[in-house]
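Dear colleague,

Please find below the structure that I am handing over to you. I would be grateful if you could read the notes after it alongside the coordinates.

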Amino acid sequence: MNLIKYIILSKAIFLKQLLRFFVLGGGTALPGLFVEKFVPHILNDIANNFQGKIIVISGTNGKTTVTNTLVNIVSSNGIPVISNNAGSNLHRGIISAYLDALNNFGKFVKNDSMMILEVDEAILASTCKKLKPSIIMLLNLFRDQLDRYGEIDTIRKNWLKEFSLSYYQNTHLIVNTDDYLLSEISKSFSGEVTYYGIEDSSLENNKVDHTIETCYCNCGIKIDKFARYYGHLGKWKCIVCDNQRTKPQIYASNIQQDNLNLKFDINDRQDQELKLLNLGVFSVYNYLAAITASLFLNIHFKQIAHALSQEKQIFGRQETFLVKNKTIKLFLVKNPIGLNQVIQTLNTLKKKKLNILFALNNQIEDGIDVSWIYDADIEMIVSGLKNLVISGDRADDLALRFTLGGRKEFIVEKNLKNSIDFIIDLSAEDSEIYLLLTYSAMMKYRKYLVKISGGKPFWAN
Amino acid sequence: MYSLNILHLYPDILNLYADRGNILALQYCAQKIDVSINIKYLFIGDEFPADIDLILIGGGQDQDQEHVSLDLIRHGSKIKSLVLENLPVLAVCGGYQLFGKSYQLSKKKILEGIGIFDCVSIAEPNLNHERFIGEILINAQNNLGSIIGFENHSARTYLGAQVEPFGHIVKGFGNNGVDSTEGAIFHNAIGTYLHGPILPRNIKLTYFLLNCAIKRKFGSFVELPSENDVIVDNAYNYGVNYILSK
């Protein structure tokens, strides 16, 4: 039996090497799919081999970014890391990552390594049961691809049921304390919990936001009158009972941003100031999650800051390309809260007017339903637009959305190459162009941009 | 200039599924026919406002609907009398269920509806039960023709004798996946499972609702814009072809 397993594993490893050689940054999950089919208990092998050294990251938004940031910090401190950091977050992606810990004959050889995994929300509970991670990180819960995940409450209840088991008493939970929807899970968690969050009153905003999740306290009262940072995230508190946000042990304060950098302090200490590349309040949360986990792993703050100062670009997430002297920055947008955060971030940039290409697809990985564009506050970006090119399979729906949002000047061009040419030609010399892309659109545009800018494929990083 | 008051019920709770787009479509079309509209909101605990010409209600998670149903019942007879006077209503998904007679969440729990539509909805607690998810195209009543949208619901709705279906299924599941009906229509009140949102994707339905409100308030219909609206037509035509090709 074991012999067959080793044969399958070595074939899969060969397949993975082959794919890397021929496919530009793609096909990362295929070998995992192959192994999952023929060695169904492979997750148990992962759990046994990496016992006590598995970190699992989940939540609606930020999984890939947090995973990559944490991998960078940990590995730059000399700890080898195995990770599915290209974003393939189902079992096949996890297994495919695990193949990197084996030699060509399928034998486990990375005893010194740590495994850092992003895991899809829908399979988190069952995956944790099998992997028994040493650290579980929960980032946030937002409405996302309702056609695929159903109601958020289904996911939340599924997590709550799993993570209230005493099975996890030796596991450490790292959780975003500003997200009310995660609070019951962290309160009923049997292991140790570390909370992170934002403490910055200058960010508190109570303006209209159409993506706020309705939150009810266990006492039945709606939790809605509190200082929000965005969406339903903020310093929540029930006005009737004593249920309120736990004060974070690790927090960001004094948050500032210009066109190029994001700055904030950790725990109000000016000697712990960070200057970073990814913009937006959502990026503060992403950095904070990775920093909290790093501190818990006993990595010194100075080492964390050093690793972050040498940040690498993350696949399709605010990744930047230079084409014809114009800077092109990619934003992955896949749900209303994420799009709103990107819009808010672009609006805070100090520049004349924005050049934007927005491509909306509805492949399975994007969510087949495009109605979410009406939940997002497209209106907020309309007045700041200079040039707008609309593309993707569902460009007609997006054009209608912008029309109803008050923007009537745009070009609809469904052809990828032409749409890029349009936005580049329309934009002034030395200007910046922002691409807002759903997942499958990001994969295609990125591939084309790598080609025309001479950039390197992701897995070569 | 004609002026209409539109009432959006529980926008802070029943806001799950982008149905805010319906308000945007009403505003867009009203402007085209030179009608001014005021949007009013009704929250839990509020008194029902006077001088309402059109009512909208969207959907939420099951838990949200529980919170809404008790409050909505307070306004049931008022809304019913307005509907009998031909006030137009658009009730989508969860709102449609609560505008029916009842919504059975589980064996033990039944939410009482306000009975505008003679129908009952039943959520199936069985985990293996198929959720109705996907693009949908129906042939709608009142000469509205093909109406497109996206449905995503686990509940099944069954119509009684006192109500007509809003349309018949061409593609998709509709009320219950069995009798090929979709939604309900009673006087000018429309209940439907169609998100998308339904009004931007079907501008003719938006004009229909506006014109019902105008006729009721001012006695006659207004003329609709004669020129083609290319952006609107492109999205609609793409949608129809996309759904039929699947």
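Predicted model: local features only at pLDDT ≥ 70, side-chain atom pairs only at ≥ 80, totals over all residues.

Nonpolar cores

The largest nonpolar core comprises 119 residues. Within this core, the residues with the most contacts are L435(A), L436(A), L437(A) and I55(B). Helix α6 of chain B, which spans residues 203-218, is the element that gives the most to this core, contributing nine residues. As for I55(B), if residues up to four places away in sequence are left out, this residue touches L7(B), L9(B), I79(B), L87(B) and V89(B).

Domains of chain A

Chain A divides into domain 1, residues 2-309, and domain 2, residues 320-460. The C-alpha centres of these two domains of chain A are 26 Å apart. Where they meet, 25 residues of domain 1 of chain A are in contact with 22 residues of domain 2 of chain A. On the domain 1 side of this contact, α7 (146-149) and α10 (281-296) of chain A supply at least two residues each, and α7(A) has the largest share, with three residues.

With kind regards

Terms used. Residues numbered from 1 in each chain as written. Chains lettered and ligands numbered in written order. Core = buried A, V, L, I, M, F, W, Y, C linked by C-beta atoms within 7 Å. Buried ≥ 20, exposed ≤ 12 C-beta atoms within 10 Å, placed from the backbone. Helix = DSSP H or I, 4+ residues; strand = E, 2+ residues; numbered from the N terminus. Contact = placed C-beta atoms within 7 Å. Domains from an automatic or database assignment.
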